[in-house]
Amino acid sequence: MTMRGINRYVESLISSRRPRRFRASEDDASLARTAVTLRAARPGSGEPDEEFVTALHKKLAAELDPPAPGQAAGARRTFLRAAAATGTVAAAGAAGAGIDHALGARTAAPDTITPSHGIWHTVAASTDLPDGAVRPFTAGALTGFVERAGGQLRAVSGICTHQGCRLALSGRPAHLVCPCHGATFALDGVVLTHKFPVPLATLPQIEVRETDSVVQVYAPTSDL
Amino acid sequence: MTGGLTASGGQGTPLGGTRAGASGALVTQLRAVDNKSYADWDAVYRDNIGLVHRLMFARVGNRPDAEDLTTEVFLAALRPMRLPSSVGEVRAYLMATARTVLARYWARKLGLQVTALSEDLEQATTANEVGPEIARQAHQILAALPDRYRQILQLRFLEGCTVAEAAQALGVSVANAKVLQHRAMRRAAQIAAGLDS
């Protein structure tokens, strides 16, 4: 079975077609990699197609440039064609520029959600949240997790800071996992792992208190 | 966060100052390299599209996938970039993005982890360095093969011959050419693995 998969893969590369996916063994993978190297060595094969370069530029412009009437797409395209491989590089000078990811910077201190019109919502009885326990909750517009650790209460948002998927509680020690792209967060909201090339924000904190033997979080009034 | 750039900016001036007496032209050149940066995404794109595409092609060996992955890299990398930034920082970031994108690609394509972007190519910092590097690797593999194995792979991969054409060139049947190619590939993969380690 894998034999056919890898053979088809190799033949696709040789005849310049997109190879189909297949379930590869370790041997298949090293064979595939060698095939890629040999194929990539065919003279001139890595050159980008001019049409592709233009089309991607257009797509990026649509994504990145705010729609401004003064900025004609046509002018940009001409500019692109005229540009030599060396490109236009402006003199820098400007300190303070940088890329978060490349420099390993992290987003600032975690935010606390402070709704303009909030009330205290009861999310658990004190007895249901012994030391070391974690409970998911929904309160008004907020979804989150409340934890008692070392006698301290803490609540964080249960929504992934990447694309807004609802996090799931998992593992030992307990942590939060995003079902969409697998990012994981500690119960204090700190990012544990993710596979994005850009930094992921810490989960916002939610105010939490204990009164009259119940645990409450401060969240928007649900019927606003 | 601004440490990297402040440091490089700080180096530029004293360096220029000490060498000023020696050679004006050299100083201008050094300054140009030191201060090279990209003002906007357009400049980043124009200067790196060739590099990223060639890297991707060198790692996936086919144009449709190379184009998709190149698109993915720029879409993911450009938005969070804060410009102006130095050429070095931008390229390091593009490479980091390319690595992630490739890892995802292999997981999807073959269902397993493959070393996505080995250092050899990552160190290629201009588009013009990628082609020669991949050619060097391919020829290193080919050179270590027995003649018949080398010939069939050369005909098929480098010259783009069909199996029938390759069979004819080698004076064997199509069935024999297929077997020969298969064995040659297995041997080549072993050699490549040996070269890697």
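I took a residue as buried if 20 or more other C-beta atoms, placed from the backbone, lie within 10 Å of its own, as exposed if 12 or fewer do, and as partly exposed in between.

**Entry 1: ground rules.** I am working on a predicted model, in which local features need pLDDT of at least 70 and side-chain atom pairs count only at pLDDT 80 or more, while totals for chains, interfaces and linings use all residues. Residues are numbered from 1 along each chain as its sequence is written, and chains are lettered from A and ligands numbered from 1 in the order in which they are written.

**Entry 2: confidence and overview.** I looked up pLDDT, the predictor's confidence in each residue from 0 to 100, and found a mean of 78 for chain A, with 78% of its residues at 70 or more. Over residues 70–109 of chain A the value stays under 50. For helices (DSSP runs of H or I, at least four residues) and strands (runs of E, at least two), numbered from the N terminus, I noted four helices and 13 strands in chain A. Of the 224 residues of chain A, 30% count as buried.

**Entry 3: helix α3.** I then listed Val53(A), His57(A) and Leu60(A) as buried in α3(A). They cover an arc of only 70 degrees around the axis, which puts them on the same side of α3(A); the arc is that of the directions from the helix axis to the C-beta atoms. On the face turned away from this buried side, I found the exposed residues Glu51(A), Ala62(A) and Glu63(A).

**Entry 4: the sheet.** Counting two strands as paired if DSSP finds at least two bridges between them, I traced an open sheet of five strands in chain A, with the order β2-β11-β6-β5-β4 and mixed pairing. Strands β2 (112–113) and β4 (134–139) of chain A stand at the edges with a single partner strand each, so one side of each is left without a neighbour in the sheet.

**Entry 5: partners of β6.** I followed β5 (residues 142–149) and β6 (residues 152–157) of chain A, which pair in the antiparallel sense over six bridges. Arg148(A) has Leu153(A) as its bridge partner, and Val146(A) has Ala155(A). Two residues lie between the strands of this hairpin, where Gly150(A) takes a positive phi near 60 degrees. I also found β6(A) joined by two bridges to β11 (residues 205–206) of chain A, again antiparallel, with Ile206(A) as the bridge partner of Ala155(A).

Terms used: Contact = placed C-beta atoms within 7 Å.
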